[in-house]
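Please examine the model shown here.

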Amino acid sequence: MRVDAPSSLPELRQLLKAALSAPGKSRLLAGGTDLLVRLHASPELSADLIDLSGVDELKGITIRDTFLEIGACTTFSEMERHPVIRERCAALARAASLVGSPQIRNLGTIGGNLANASPAADSLPPLCALDATILAENSEGEEMTLPAGELATVPGKTCLRQDQYIRAVRIPLHRNTFSFFVKTGSRKAVAISKLSLSLAFRRTDAQARIFAGSLGASGVRMRAAEEALERRDWTAQNRAAFLDALSASVEENIPGRASLPFKRLAVRGLGDDLWTAVKEAISGE
Ligand SMILES: Cc1cc2nc3c(=O)[nH]c(=O)nc-3n(C[C@H](O)[C@H](O)[C@H](O)COP(=O)(O)OP(=O)(O)OC[C@H]3O[C@@H](n4cnc5c(N)ncnc54)[C@H](O)[C@@H]3O)c2cc1C
């Protein structure tokens with residue numbers, strides 16, 4: 001196995017260009033918490049690695065005019081602690097704080113989480129709720145932006161070509177947005193999500209965005225439940241309509257799946273937490 005360790009974006013692009021001559025042989029390595037586990041479990045996948053850990057341009061969190069830019073190699077620990085993410089993108093900070101264990105949060109990156117394209121990836125649903133975009137680049141330095149929910153095509157696969165990499169994630173900053181994340185998982189699996197819900201609620205025009213994780217390759221939008229919240233009606237009747245809408249969306253998205261009975265019920269418990277959080281944040285104003 002060959003391991004290259006570029007120390008800048010130009011060096012990374014050169015390596016990606018060279019890798020085009022042997023399609024499928026090279027893989028990008030960020031924190032290694034998915035990739036190294038996979039290579040260890042299936043040695044036949046042996047690959048040359050391009051280690052991103054020395055590329056400083058892929059690290060860090062920057063506030064630009066109207067959006068926050070998170071470098072692809074930013075770790076969950078960095079996101080969970082960042083004051084602007086905690087204040088303005090609370091769903092993402094909370095999702096980051098609930099990933100695996102402290103060791104995984106110190107190594108695992110947002111770029112690796114998205115590129116791995118697992119339906120259980122915890123960063124994707126909050127990013128979808130917050131209307132984030134992904135900035136990708138190819139070996140020529142040509143940029144491409146796409147909505148976060150369009151990166152994964154099927155579980156385990158993204159739309160990125162062989163010489164493309166995720167450079168950063170961009171989240172628009174709206175002052176009046178309340179956001180929240182809840183998940184349920186099994187303790188045996190260090191809390192890898194069985195189901196999650198992410199919400200962003202814009203106070204100015206009562207616009208809600210709710211996405212579920214672990215229902216498909218991309219975050220699944222729950223439009224009927226959003227409409228119930230947008231009514232700003234905190235009665236028991238509307239709460240029941242909200243929870244019924246969540247269950248109905250689960251049924252629509254995983255019909256016949258063995259996990260349906262659990263998820264149809266579990267989504268109501270998560271929905272209850274979400275309802276209480278948004279009600280307290282919005283109705284008390
Ligand atoms: C014990 C354990 C618990 C876990 N718990 C959770 C959890 O609770 N929630 C959760 O969401 N995940 C969890 N994970 C999964 C994993 O930690 C995350 O998905 C993590 O974000 C992966 O990031 P990484 O930097 O380690 O990626 P790597 O393993 O380095 O890479 C993963 C994939 O992404 C590709 N890649 C990496 N960076 C880029 C880039 N910039 N551009 C393009 N492709 C790239 C790699 O080639 C590889 O295919 C857990 C894993 C373990 C082992």
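Five strands make up an open, antiparallel sheet ordered E4-E5-E10-E6-E7; strands (E, at least two residues) and helices (H or I, at least four) are DSSP runs numbered from the N terminus, and strands pair if DSSP finds at least two bridges between them. Because strand E4 (61–63) and strand E7 (143–147) are the edges, each with a single partner strand, one side of each has no neighbour in the sheet. From one strand to the next the twist averages 25 degrees, taken between N-to-C directions of lines fitted to C-alpha atoms, on a scale from 0 to 180 degrees. E4 is joined to antiparallel strand E5 (residues 67–71) by three bridges, and isoleucine 61 has isoleucine 70 in E5 as its bridge partner.

This is a predicted model, in which local features need pLDDT of at least 70 and side-chain atom pairs count only at pLDDT 80 or more, while totals for chains, interfaces and linings use all residues. Residues are numbered from 1 along each chain as its sequence is written.

Around the ligand lie 31 residues, of which Ala30, Gly31, Gly100, Gly112 and Asn113 come nearest; a residue is near if its C-beta atom, placed from the backbone, lies within 6 Å. H7 contributes the most, five residues. The shell divides as follows.

| Class | Residues in shell |
|---|---|
| Nonpolar | 18 residues |
| Polar (Gly among them) | 10 residues |

Nonpolar here covers Ala, Val, Leu, Ile, Met, Phe, Trp, Tyr, Cys and Pro, and the residues in neither list count as polar.

Alanine 120 is in the loop between helix H7 (110–116) and helix H8 (124–129).
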